[in-house]
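Subject: Structure for you to look at

Hello,

Here is the structure I said I would pass on. Please open it next to this email and follow the notes below.

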Amino acid sequence: MISAAKLDRLKAAFPAISHSEFRLQVRVVVPVEQVHQLLRFAKEQLGFDMLADVTCVDYLHYRGARDRYGLVYVLTNTQTNERLIVRTFVNDPEPTVPTVVDLWEAANWLEREVWDLFGIRFAGHPDLRRIVLPPEFTAHPLRKDYPLQGRGERHNFPVITRSEG
Amino acid sequence: MAIVELPDNVVVTKLDALVSWCRKNSLWPMPFATACCGIELMATGASRHDVARFGAEVFRFSPRQCDLMIVAGRVVMKMLPVLQRIWLQMLDPKWCISMGACASTGGVFDTYSVVQGIDRFIPVDMYVPGCPPRPEQLLQAIIDLQAKIQAEGTIRGKEFLAPSRQQPKPALQP
């Protein structure tokens, strides 16, 4: 977990954040306007040199949730083995967060995956294309309002019969 | 008409039957293994179960050299165009075994991304149930496919034609 001194520095620099702790994992929630600043601060001042993961949670129909999408950034300090989880919330329509490719190159494909499956736009991303699903796919299937069995994508192929093939 | 005496080492048969006998005993499988069924497929090819006993040991990874496609594992919607292209690249006569629950029906993966049975999009000759099937079951499918080839195979591949282009079978005389 992150040291108390570093957490105090983070809270002093960003008074708007809230933080919580669960099983030695520290999580801070930051408004979306400050998320890029905070991540830059964590990288340059607190030594979090590795972006372990970027992912997303859809809180549609979630009990007590006020915002739709929760972005999750998992940071690692490879010198001290500290971890920090940064969260921010965005909403429909056009959920958008600033990209962090300028801070960590690893964010390129991670953000493309979040765009592919959740439809979160990353403003300033150099190459925001689908990465997992085929390019002609039109939906973002990990959203909670997307039906599990899809909208016919798995049936939309030509049929090859014995006499044709 | 003169009656010709045949020596003991000459057999008279139909050419179709002879060609089918050759084909069924030298199937060259194309292993389209995408999941855990592929492990059982490898076990089938290995020494303990030894698919070579049935003449089907020459696994080739080039579809141009194969005549038996064994689809082992789930096929996702992104993979299905690849499967169809490989099937079209294989030369006639060719057969297809759908191995395991996922290839045959989608199995437990009833989701947007998994094709619910490859027989919706390519022809299938044999289905092997199981999750994954044991090598004995795959061997049984190969044996059954051999019986099918022997029973219906023709030298020109007439059994593969569309029903409208097949010649009607002569009605049996009472």
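In the hairpin of β1(A) and β2(A), two residues lie between the strands, and R23(A) has a positive phi near 50 degrees. Strands here are DSSP runs of E with at least two residues, helices are runs of H or I with at least four, and both are numbered from the N terminus. Before going further: this is a predicted model, in which local features need pLDDT of at least 70 and side-chain atom pairs count only at pLDDT 80 or more, while totals for chains, interfaces and linings use all residues. Residues are numbered from 1 along each chain as its sequence is written, and chains are lettered from A and ligands numbered from 1 in the order in which they are written.

E21(A) is opposite V26(A) of β2(A). A residue counts as buried if 20 or more other C-beta atoms lie within 10 Å of its own, as exposed if 12 or fewer do, and as partly exposed in between, with C-beta atoms placed from the backbone.

β2(A) (residues 25–29) also pairs with β5(A) (residues 82–90), in the parallel sense and over three bridges; strands pair if DSSP finds at least two bridges between them. Here V28(A) is opposite V86(A). These strands belong to an open sheet of five, in the order β1-β2-β5-β4-β3 (chain A), with mixed pairing. β1 (18–22) and β3 (50–58) of chain A are at the edges with a single partner strand each, so one side of each has no neighbour in the sheet. On average, neighbouring strands of the sheet are turned by 20 degrees against each other, direction ignored.

Helix α2(A) (residues 35–44) lies across β4(A) (69–77) and β5(A), at about 170 degrees to β5(A). Axes are lines fitted to C-alpha atoms, for helices over the stretch in contact, and angles run from 0 to 180 degrees between N-to-C directions. Chain A as a whole has three helices and seven strands, and 24% of its 165 residues are buried.

Now chain B. In helix α3(B) (residues 80–89), L80(B), L83(B) and W87(B) are buried. Seen down the helix axis, these buried residues fall within an arc of 55 degrees, so they line one face of α3(B); the arc is that of the directions from the helix axis to the C-beta atoms. They pack against β1 (29–33) and β2 (68–72) of chain B. The face turned away from the buried side carries the exposed residues V82(B), R85(B) and L88(B).

The largest nonpolar core has 38 residues, and among those that touch the most other members are L68(B), V71(B) and M99(B). Such a core is a set of buried Ala, Val, Leu, Ile, Met, Phe, Trp, Tyr and Cys residues joined through C-beta atoms within 7 Å. A second, separate core of 31 residues includes V30(A), L38(A), Y73(A) and V100(A).

Lastly, 21 residues of chain B are in contact with 14 residues of chain A, where contact means C-beta atoms, placed from the backbone, within 7 Å.

Regards

Terms used
Two residues are in contact if their C-beta atoms, placed from the backbone, lie within 7 Å.
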